[in-house]
Amino acid sequence: MKIKLSLLLVFLLFTFSIPLFAQVDSTVSTQGLSLEEYFDNILQHHPIVRQAKTLNEMARQELRLARGNFDPKLKSKFNTKEFGGTQYYETWDSKLEVPIWFNTDINIGYEQNDGTYLNEQLSNTSDGLMYAGLSLPLGRGLFIDERRASVRQAQLMQSMAEADKVKAINKVLLSAAKAYWDWYYAYQYYTIVTEVRSLAEERYNGIVQQVINGDVAPFDSLKAFINFQERVVEQEQAELEYTNASIQASAFMWLSNEDESIPLQFARETYPQLNPSNSEEFLDLTTLKVLQDSARLLHPEIVKLDLKNQQLKIDQRLSREWLKPEINLKYNVLLKPSKEENTLFEPSSDIFANDYKLGLEVYFPLLLRKERAKLQQNTIKLEQNYYERVNQFREVENSIEKTYNTLSNIVELRAMQEQMVDNYQRLLNGELTKFENGESSIFLINTRETELLDAKVKLLKLSTKYEKAKIELLYAAGVPYLQN
């Protein structure tokens, strides 16, 4: 009767276990994706990265816009008045203005004025007058003016745009790297759980055979089957986590052309390539001091504050220029148009002595309250920018140091955890040997196996935590595109 009950129990357990076997998908993928390949796709196709790359072009156009203030200009002005059959006046002035860098405008033009009531100041010869001259600031604007200041600031904006681009791309790559290593962890965890489930299945099948042969009690097969069920549940959960992690990692993958960006999703066969870094090599080559020195020169936030400081100094210099009186000198030589075909105007020996037009404008506000306030504001902004930079660099240094310490600690913990995994494996192997000799039990084997699984998972967590910390360290140091 006991033998019949035992056979019935084994049959029922085997029957209930069939659907569980069918639900388990242990297919091994054959298409790996390394972090380098992952980053390459992001740098080429991710919309935010492509958007960040337009910042350089925007800055170039800003510089082009500022340089437009120095474009030559062609001007023409015509006025006439006729009333009661009398032409009061008719004036026509056409000229070419050529701005040059030192706040000087060169003018070359021709004017012809006529009329009964023409202002005597505008009268000239019947053939009109040609003139050539310049306007020159002798006070305010001699050393710097708005045109030159805008060009110099636009040149600084190009470097600032590059810093903004690096900052935006680094932020995307940091999030992508974390998603990649979460995906890596989920895949490795799923692999470990699948291996443990396979071992539990083999052990259960072996015990079932021993029950059939009468070597062990049916109760042992029940405990083995429960352990197998637990492993199947763990595998199902691990597979779900891996699927979700794969979706999250694939969210950074895109295919793009000139017109559109198309989101991509990993194929089922795609898996994260097994390429964890050599921690000792990384820590040796990239020391704390090297990263801090690099951050002082390359960190986007520090670079932007340095460039902002240069822009503020340009503003300050321009504000100081406004404390000077405005003195503008305008001088034009006057030339008679030539009636001969081969010459443009008639030469004159007294061209600079008599035939000229000279003007002088002077402007100076007595209290200079607006100008002095503007200068003081620029001085305060420079001081604020200095304090902001000091604080920002301190935060960068602390972030680098904390992340570096975390990396060093993980390296030590990972070495210890690797030893623990080896020791738990020895315990499990020994327990299996004792079980074969009839000196142990399924309960102890399950306990040793669970301890080994937990140790492997902890080691896996430390490895992925190290890879994330490594990327965070490069991000904290502002290394462009997180390339060490």
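Reply: Start with the aromatic rings. This is a predicted model. Ring pairs link Tyr 38, Tyr 180, Trp 181, Trp 183, Tyr 184 and Phe 266 into a cluster. The structure holds 18 aromatic pairs.

Me: Why is the pair of Phe 83 and Tyr 88 called edge-to-face?

Reply: The ring centres of Phe 83 and Tyr 88 are 6.5 Å apart, with the planes at 65 degrees. Rings pair if their centres lie within 6.5 Å, and planes over 60 degrees apart count as edge-to-face. The angle is 65 degrees, so the pair is edge-to-face.

Me: What makes Tyr 190 and Tyr 242 a stacked pair?

Reply: Their planes stand at 10 degrees, and their centres are 6.2 Å apart. Stacked requires planes under 30 degrees apart. The pair therefore counts as stacked. It links distant parts of the chain: Tyr 190 sits in helix α4 (residues 146–213) and Tyr 242 in helix α5 (residues 218–250), 52 residues apart.

Me: What puts Lys 81 over the face of Tyr 88?

Reply: Lys 81 lies 4.7 Å from the ring centre of Tyr 88. The cut-off is 6 Å, and the charge must also be within 35 degrees of the ring normal. Lys 357 is likewise placed over the face of Tyr 131, at 5.9 Å from the ring centre.

Me: How do you know that Lys 165 and Glu 162 form a salt bridge?

Reply: Their side chains meet at 3.3 Å, N to O. A salt bridge needs the nitrogen within 4 Å of a carboxyl oxygen. Both residues lie in helix α4, three residues apart, about one turn of the helix. Lys 165 is at 12% relative accessibility, so Lys 165 counts as buried. Glu 162 is partly exposed at 31%.

Me: What makes Lys 289 and Asp 293 a salt bridge?

Reply: The N to O distance is 2.8 Å, against a limit of 4 Å. Lys 289 and Asp 293 are four residues apart in helix α7 (residues 288–298), so about one helical turn separates them. Both also belong to a network of salt bridges with Arg 296, Arg 394 and Glu 397. Lys 289 has a relative accessible area of 56% and is therefore exposed.

Me: Why is Glu 321 called buried?

Reply: Glu 321 has a relative accessible area of 5%, so Glu 321 is buried. Its salt-bridge partner is Lys 324, at 3.1 Å, N to O. Lys 324 is partly exposed at 27%.

Me: What makes β5 and β9 a pair?

Reply: Strand β5 (residues 129–137) and strand β9 (residues 326–335) share eight bridges, in the antiparallel sense. Pairing needs at least two bridges. Met 130 has Leu 335 in β9 as its bridge partner.

Key
Residues are numbered from 1 along each chain as its sequence is written. This is a predicted model: local features need pLDDT of at least 70, side-chain atom pairs count only at pLDDT 80 or more; totals for chains, interfaces and linings use all residues. Side-chain values use heavy atoms; hydrogens and water are left out. Rings of Phe, Tyr and Trp (its six-membered ring) pair if their centres lie within 6.5 Å; planes under 30 degrees apart count as stacked, over 60 as edge-to-face and the rest as tilted. Helices (H or I, at least four residues) and strands (E, at least two) are DSSP runs, numbered from the N terminus. Buried means under 20% relative accessible area, exposed over 50%, partly exposed in between (1.4 Å probe, protein chains only).
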